[in-house]
Amino acid sequence: MPTHRKLHSFSAFLFSLALLLLAPLAQAQESLVVTVAAEDDASALEQGLEQALVRLAGLRSESVHELVEALLAERDDEGWIAALERRQQVEDDRWRLEFDPFRLRTALRDAGVPAVLGERPGLLVWAVYDQGGQRDLLGDAVDGPGVLRALQDLAEARDMPLLFPLGDLEDRRAAQPSDIVGGVTEPLVDAARRYEADGVILLHVRETAGETEARAIAVHDDREFRGSARGDAPEGSAREAVALVLDQVAERLARVPADPDWVRLGFSGVQGYAAFERLRAELTRLQAVEVARLDALAGNTVVLQVRSGLDQDDLVDLLRGSGFARAEVPEDAPEADAWLDRR
């Protein structure tokens, strides 16, 4: 190979390596952003802090509420807390707040607050909007008075994936409104396999004179969880009923991590920078993983140093639930504590 081509290849390698090494630093600087409606900045801080902690923990709980109060008590003379990067008023009653997710995760761990550490289950929402005896199956084509839109906002606020059916002919044949209203879960769990969901939520939103009632049943891991709410608006009642069952689902999955330590995990079938970046982003989305940084790169394998509050076996088990499987050590591969591959 000519000398200039060798220099070009070596320079390209160094540039790619620099991107790999700097990527974790850039990711660590990302903020957790929430927007709240509040009368003043003090109320905005309290609401925003609770929303941020609930998103990271995956559920509302008494221990989350107590941590909010403890962090607010540590504000300085100007009303700032260490985990807050910035807050600004964007409209008369709306505020935008940016939090440091690393500091908040550390606060959750140090306070012993249970959090959903692994991949969060994707639940398919079968929803019926009931008004004046007319029952509509909600989906892409029909959303009633914004019920699914409100649940999409809830899913984002919780960082909990909610799936929504197409509401097409196949769905209307498989999911009967009478089953959703009656809480008959088995045929609706079967119908959700089309969407590869981890479970389902049955939601019945009914308007009566002067108020709205929403009843939700979540089915996950062969267990049922129930919640109901009343209010003036159907979207608000639906959101609270679904929030209640999400709290119950997440409570069974939540764990308190120990002090974090480093584990070297090897992954096969990772070819190039783009694949590495997707893998690292996937790992750092898990609450169990604080940092994932490059240790070694060889062929289509990569070894990452992963900082986690779980020990090696528990972390590998958690990743198995996220679509990975233990793998044999590849030939001529770098050293790692455990090797994994996609199932």
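Tutor: A helix axis is a line fitted to C-alpha atoms over the stretch in contact, and angles run from 0 to 180 degrees between N-to-C directions. Keep that in mind. The model is predicted.

Student: What makes up the chain, in helices and strands?

Tutor: There are 11 helices and 14 strands. The C-alpha atoms fill a box of roughly 80 × 55 × 40 Å along the principal axes.

Student: Which residues of helix 2 and helix 3 make the contact?

Tutor: Helix 2 brings Leu45, Glu46, Leu49, Glu50, Leu53, Val54 and Ala57. Helix 3 brings Val64, His65, Leu67, Val68, Leu71 and Leu72. By class, the contact of helix 2 with helix 3 has 10 nonpolar, 1 polar and 2 charged residues.

Student: What makes helix 2 roughly perpendicular to helix 5?

Tutor: The axes of helix 2 and helix 5 (residues 147–158) come within 7 Å and cross at roughly 80 degrees. The range for roughly perpendicular is 65 to 115. That angle is why helix 2 counts as roughly perpendicular to helix 5. Gln51, Val54 and Arg55 of helix 2 touch Glu156, Ala157 and Arg158 of helix 5. The contact of helix 2 with helix 5 holds 2 nonpolar, 1 polar and 3 charged residues.

Student: How do you know that strand 1 and strand 3 pair?

Tutor: Two strands pair if there are at least two bridges between them. Strand 1 and strand 3 (residues 94–99) have 6 bridges, in the antiparallel sense. For one example, Leu32 has Phe99 as its bridge partner in strand 3.

Student: What makes strand 1 and strand 2 edge strands?

Tutor: The open sheet has 3 strands in the order 1-3-2, with antiparallel pairing. Strand 1 (32–37) and strand 2 (84–89) each pair on one side only. The twist from one strand to the next averages 15 degrees. Helix 2 (residues 41–57) packs on this sheet and touches strand 1, strand 2 and strand 3. Its direction makes about 130 degrees with that of strand 1.

Student: Why are strand 11 and strand 13 placed at the edges of the sheet of 5 strands?

Tutor: That open sheet has the order 11-12-10-14-13, with mixed pairing. Strand 11 and strand 13 (324–326) each have a single partner strand, so one side of each is left without a neighbour in the sheet. Neighbouring strands are turned by 35 degrees against each other on average, direction ignored. Helix 10 (residues 272–284) packs on the sheet, touching strand 10, strand 11, strand 12, strand 13 and strand 14 (338–342). The direction of helix 10 makes about 155 degrees with that of strand 11.

Student: How do you know that strand 11 pairs with strand 12?

Tutor: The rule asks for at least two bridges. Strand 11 (residues 289–298) and strand 12 (residues 301–308) run antiparallel, joined by 8 bridges. Leu297 stands opposite Val302 in strand 12. The hairpin of these strands has 2 residues between them, and Gly299 there takes a positive phi near 60 degrees. Strand 12 also pairs with strand 10 (residues 261–268), antiparallel, over 8 bridges. There, Ser268 stands opposite Thr301.

Student: What makes the phi of Asp159 stand out?

Tutor: Most residues other than glycine have a negative phi. Asp159 has a positive one, near 55 degrees. Asp159 sits in the loop between helix 5 and strand 6 (162–163). Asp221 also has a positive phi near 55 degrees. Its place is the loop between strand 8 (211–220) and strand 9 (223–231).

Student: Is Asp159 buried, exposed or partly exposed, and why?

Tutor: Buried means under 20% relative accessible area, and exposed means over 50%. Asp159 has 40% relative accessibility, so Asp159 counts as partly exposed. Across the chain, 46% of the 343 residues count as buried.

How values were computed
Residues are numbered from 1 along each chain as its sequence is written. This is a predicted model: local features need pLDDT of at least 70, side-chain atom pairs count only at pLDDT 80 or more; totals for chains, interfaces and linings use all residues. Side-chain values use heavy atoms; hydrogens and water are left out. Helices (H or I, at least four residues) and strands (E, at least two) are DSSP runs, numbered from the N terminus. Contact means heavy atoms within 4.5 Å. Ala, Val, Leu, Ile, Met, Phe, Trp, Tyr, Cys and Pro count as nonpolar, Asp, Glu, Lys and Arg as charged, and the others, Gly among them, as polar. Angles under 35 degrees count as roughly parallel, over 145 as roughly antiparallel, 65 to 115 as roughly perpendicular and the rest as oblique. Buried means under 20% relative accessible area, exposed over 50%, partly exposed in between (1.4 Å probe, protein chains only).
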